[in-house]
There are 2 protein chains.
Amino acid sequence: MIDNFINNTSSWLRADGPNPDIVISSRVRLARNLSGLSFSHMDNEADMKKVVELVLDSISKSSLLENYHKIDIDRLSNIDKLFLVEKRLISPEQTRGSNKYAAVNQDESVSIMINEEDHIRLQVVLSGLQLGKAWETADSVDNELEKNLSYAFSEEWGYLTSCLTNTGTGLRASVMLHLAGLVITKQINKILQAVSQLGLAIRGIYGEGTEALGNIFQISNQVTLGGKEADIISNISRLCEQLVEHEKNARDTLMNDSKDYIEDKIFRAYGIFKNARIISTIETIELLSDIRLGLSMGVLKDLSLYQLNKLFIITQPAYLQMLEGHEINSKLRDIKRADIIRQTLAGTE
Amino acid sequence: MIDNFINNTSSWLRADGPNPDIVISSRVRLARNLSGLSFSHMDNEADMKKVVELVLDSISKSSLLENYHKIDIDRLSNIDKLFLVEKRLISPEQTRGSNKYAAVNQDESVSIMINEEDHIRLQVVLSGLQLGKAWETADSVDNELEKNLSYAFSEEWGYLTSCLTNTGTGLRASVMLHLAGLVITKQINKILQAVSQLGLAIRGIYGEGTEALGNIFQISNQVTLGGKEADIISNISRLCEQLVEHEKNARDTLMNDSKDYIEDKIFRAYGIFKNARIISTIETIELLSDIRLGLSMGVLKDLSLYQLNKLFIITQPAYLQMLEGHEINSKLRDIKRADIIRQTLAGTE
């Protein structure tokens, strides 16, 4: 049922957006609910079924959306669900409970989640720093959906949502950045402090509460209420452009002041990555950070960002098991992961 | 003056002796003193000069020894002296004080040190486990020297020496073994305990007081008095044959029970070794241990023991500086060392 997702590479992994060596992806998410149906706590089974019916119907009626791949999440195995989470096609929230659906477009840049925390969570993820384009896409899909749906909307508050933190625009914009240079040159804390003073949230790659594994940071707006969508988007975009500049400067500093040190760090990571026979998810992400930095700084040459992005995803636990075709335990996954990395890097020097 | 030693590979490094993957080298050393000259504490300058004169004269008069390369150690720079120590052609003791000479044969298997702790320290080092042959060679060189020298010898005590621990045979036989399998399988302590109960000494590679860096152990006799030379030699040889068997069994166990683990360990070491840009002497020796094990176990293939033995020597601090042609500081040595390792391993997979 979701086999076609295994060999398909999500467009955000293609590293063809602006500044893809520093900005991994730009994401826009809209929260929407249908008027007249319960959307608090999702405890009304009948209403949830009704939501699925109405949203799928709206998708089918749209010439823009009719080819979206519809996924009945309730019918998936746990590994299949986790696999979709790893691909960022659904949220972890979407794997719990029932009456869960998702509709995904061909290049996997757009995902419409049904009965997530809200009736509809519409998400667009693009490669590199292109939050504006992600917002435009989300807006157009949202308009398509709305043609055959009646959203819960208040003139005073804006879009109404299950959780108040999303009320208003219902918009969450987030950008995933690889800030290894700022971490290694120990400038990151100062930078992160400045970012949080602007009212933006900073998190590790796996959402709240996790540290910045692999030097990957996710920056997003905390406030959805009281601003215009375009302002939220342009504020974060501008900030991210500044972060990209800071990161580039940090990388230049490393190359100018600590060339031997940074080359040693990068090549050691590459040497281990290319040779290990057992490797955990966490070590993979940590090594990928140094290797990505090395590629961006021109220290490593035979690789591509696309390869590294792809490795980032296909070495995740569920993806590995999808590739293997059946469930395998953690110890065997660590071996399989090392196999896949070596296969991918074979021939590089 | 010692330039010809730079490109010359000592015969013990050639890995052409028996069991060269486990036994790196077999060494026999004889302590001898000349009768009628002071040999306690080397405090008599005139006698020391006389010793140099007499021994060099005896070497020149022997058709077997006349082609030995004679080295006036007093005239060497500190780096040159350390370089000869790293090559095991002279002892650290031989680099201190004055009136120090050495005579070394073409393949660097025999070294005659003059005015070391004793008037003469005659050493033979061969590849692999061949203590018997080392003893025969030492004995024949000793006989040559004695043709034109009068040794201090007592019917009751045997050869008289500066330090009582060498009196009697004046013989120290030592074998350098790479026991990585026994270390990794945690059998080494039991083994070492058994060895020391046999009255043998066990030390790390850099002599007394150092730990077993790189899993390399040196086993030697503690007692020089009261036994026949042939008995000392055959006792240590037999013991080493047993150690070789134990080590082989440990390696088989690793391959049978922990194949993934040991392959991962070996390939990671190889990956770092082949890619690092900065590397210390100690890390080099530690990584060489895993790589040597990998080669011996058939996990790594494109390398040779000879290459690894050579790397072991040419990555030492003084050797590096000899190759560079001038003194370089520790930081630059770590970079130069990594360069040399990469050059040596280029083309291996």
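Contact means heavy atoms within 4.5 Å. The exercises below concern a predicted model, in which local features need pLDDT of at least 70, side-chain atom pairs count only at pLDDT 80 or more, and totals for chains, interfaces and linings use all residues. Residues are numbered from 1 along each chain as its sequence is written, chains are lettered from A and ligands numbered from 1 in the order in which they are written, and side-chain values use heavy atoms, with hydrogens and water left out.

**Exercise 1.** Describe the interface of chain A and chain B.

*Solution.*
Step 1. Count the residues: 17 of chain A are in contact with 17 of chain B.

Step 2. Take the buried area, that is, the accessible area (1.4 Å probe) that two parts lose on being put together, summed over both. Chain A and chain B bury about 1,500 Å² between them, with 56% of it on carbon and sulfur atoms. On the side of chain A, the most area is lost by Arg268(A), Asn275(A) and Arg277(A), together 36% of what that side buries.

Step 3. Search for salt bridges (a side-chain nitrogen of Lys or Arg within 4 Å of a carboxyl oxygen of Asp or Glu). The rule finds 2 across the interface; one of them joins Arg268(A) to Glu283(B), at 2.7 Å from N to O.

Step 4. Assign the contributing element, with helices (H or I, at least four residues) and strands (E, at least two) taken as DSSP runs numbered from the N terminus. Helix 7 (residues 259-275) of chain A gives the most to the side that touches chain B, with 10 residues.

**Exercise 2.** Determine the setting of strand 8 of chain B and its pairing with other strands.

*Solution.*
Step 1. Apply the burial classes: buried is under 20% relative accessible area, exposed over 50%, partly exposed in between (1.4 Å probe, protein chains only). In strand 8 (residues 171-178) of chain B, 8 of the 8 residues are buried, so the strand is largely enclosed by the rest of the structure.

Step 2. Separate the two faces. Leu171(B), Ala173(B), Val175(B) and Leu177(B) point one way, and Arg172(B), Ser174(B), Met176(B) and His178(B) the other way.

Step 3. Identify paired strands (at least two DSSP bridges between them). Strand 1 (residues 23-32) of chain B pairs with strand 8 in the antiparallel sense over 7 bridges, and Ser26(B) has Val175(B) as bridge partner. Strand 10 (residues 216-221) of chain B also runs antiparallel to strand 8, joined by 5 bridges; here Met176(B) is partnered by Gln218(B).
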